[in-house]
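Subject: Structure handover

Hello,

Here is the structure for you to take over. My notes come after it.

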Amino acid sequence: MTTVNGLPAHVLLVHAIVVLLPLAALLLVLSAVWPAARDKLAGPNAILSVLVVVLVPITTDAGEWLERRVASTPLVRTHTELGDTALWVAIPVALLALLVWWRRRESLRIRADETGRRTFLAPASTAVTPT
């Protein structure tokens, strides 16, 4: 993807990353420490976080295309370096969001099962989220 209606695609995609990655991180913190928020946010945030991980390489690829067409300045180089680090922020956010979602899912399954057996990252453990 290089352009959208004549506008470089990177310009549009980078705005999605700049908004969605911090939003996913904020929702992760909320769902990890606040059980009421976890009930509503764990699933949607897991989906959002994985979407961000998919969007980051697409955005950086579009950015590299654009970088070859503009003058190389210190600001462009700094922007490029920041783009290269975005994936290393998005991946842990996505993994932790999936972990919180999985824990929530296991919690619901145990309540429905009522056998009281513990499963991997089950609610009886406070290692990932407080109960």
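This is a predicted model: local features need pLDDT of at least 70, side-chain atom pairs count only at pLDDT 80 or more; totals for chains, interfaces and linings use all residues.

Pocket

The largest pocket has a volume of about 420 Å³. Its lining consists of 22 residues, and those that lie nearest the centre of the pocket are His10, Val14, His79, Leu82 and Gly83. Three helices each supply at least two residues of this lining: H1 (9-33), H2 (35-67) and H3 (74-113). The largest share comes from H3, with eight residues. By residue class, the lining divides into eleven nonpolar, eight polar and three charged residues.

Surface

There is a nonpolar patch on the surface, formed by Val50, Val54, Ile58, Leu95, Leu98, Trp101 and Trp102. Together these residues have about 580 Å² of accessible area. H2 and H3 are the elements that give two or more residues to the patch. H3 gives the most, with four residues.

Leu95 is found in helix H3. Its relative accessible area is 55%, and Leu95 therefore counts as exposed, since the cut-off for that class is over 50%.

In both places H3 comes up: the largest share of the pocket lining is from H3, and H3 also gives the most to the nonpolar patch.

Regards

Key. Residues are numbered from 1 along each chain as its sequence is written. Side-chain values use heavy atoms; hydrogens and water are left out. On a 1 Å grid over the protein atoms alone, a cavity is a set of points where a 1.4 Å probe fits but cannot get out, and a pocket is an open set with protein on both sides within 12 Å along at least five of seven lines; lining residues have an atom within 4 Å of a point. Grid points are joined across faces, edges and corners, and a volume is the space filled by probe spheres set on the points. Ala, Val, Leu, Ile, Met, Phe, Trp, Tyr, Cys and Pro count as nonpolar, Asp, Glu, Lys and Arg as charged, and the others, Gly among them, as polar. Patches are made of residues with over 30% relative accessible area and no salt bridge: like charges are joined within 9 Å, nonpolar side chains (Val, Leu, Ile, Met, Phe, Trp, Tyr) within 5 Å. Accessible areas come from the Shrake-Rupley method with a 1.4 Å probe; for residues, only the protein chains shown count as cover. A salt bridge is a side-chain nitrogen of Lys or Arg within 4 Å of a carboxyl oxygen of Asp or Glu. Buried means under 20% relative accessible area, exposed over 50%, partly exposed in between (1.4 Å probe, protein chains only).
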